[in-house]
Amino acid sequence: MAGTNQAKVTINNITLTQGKGQNDGPNGYNVGGAIYATDNCNITITDSKITHNNAEQYGGAIFAWNSQVNINNTNINNNNATQGGAIDTYKGTINITNTTLNNNTATNDGGANNTKSNLNNNIIF
């Protein structure tokens, strides 16, 4: 799923699985296995599962480029990328509350989270 051009997207009670990254990230990188937010998008994810997604470079599950992603009461597990196995950003903001990040892997940096994020009441392992 990609959100662009100031879109406001709400995802509630859904499973996003086995997604593959898009080749239209910064510098043509493969990013955002399940979700790719760009151009000032605002995405809210609640009561969902994001699992078994892959991006070749950044954000196996979620990549935010100059956008905001709010995650609440969600399970993010078994995603992978080179950087940010679960989540990665470039000039983006991620707010994570009451969420479990489990078994996300990155070959370089940030298995669960390669961002400057606001984290509240989460389980990360």
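The structure is a predicted model, in which local features need pLDDT of at least 70 and side-chain atom pairs count only at pLDDT 80 or more, while totals for chains, interfaces and linings use all residues. Residues are numbered from 1 along each chain as its sequence is written, and side-chain values use heavy atoms, with hydrogens and water left out.

The protein chain contains zero helices and 17 strands; here helices (H or I, at least four residues) and strands (E, at least two) are DSSP runs, numbered from the N terminus. Of the 125 residues in the chain, 46% are buried. Buried stands for under 20% relative accessible area, exposed for over 50%, and partly exposed for values in between (1.4 Å probe, protein chains only). The chain exposes about 6,100 Å², and carbon and sulfur atoms supply 39% of this area, as computed by the Shrake-Rupley method with a 1.4 Å probe.

Lys20 is found in the loop between β3 (15–17) and β4 (35–38), and with a relative accessible area of 56% Lys20 is exposed. Beyond its neighbours within four places in sequence, Lys20 touches Gly32, Gly33 and Asn54. The C-alpha atoms of Lys20 and Asn54 lie 5.1 Å apart, although 34 residues separate the two in sequence.

The aromatic rings come next. A pair of aromatic rings is described by the distance of the centres and the angle of the planes. Rings of Phe, Tyr and Trp (its six-membered ring) pair if their centres lie within 6.5 Å; planes under 30 degrees apart count as stacked, over 60 as edge-to-face and the rest as tilted. The whole structure holds four aromatic pairs. One of them, Tyr29 with Tyr58, is edge-to-face, at 5.3 Å centre to centre and 80° between the planes. This pair links distant parts of the chain, 29 residues apart: Tyr29 belongs to the loop between β3 and β4, and Tyr58 to the loop between β6 (49–51) and β7 (62–65). Tyr29 is partly exposed at 32% relative accessibility, and Tyr58 is partly exposed at 22%.

Tyr36 and Phe63 form a tilted pair, with 5.9 Å centre to centre and 45° between the planes. Because Tyr36 lies in strand β4 and Phe63 in strand β7, the pair ties together parts that are 27 residues apart in sequence. Both Tyr36 and Phe63 are buried. Tyr29, Tyr36, Tyr58 and Phe63 together make up one aromatic cluster.

How values were computed: Contact means heavy atoms within 4.5 Å.
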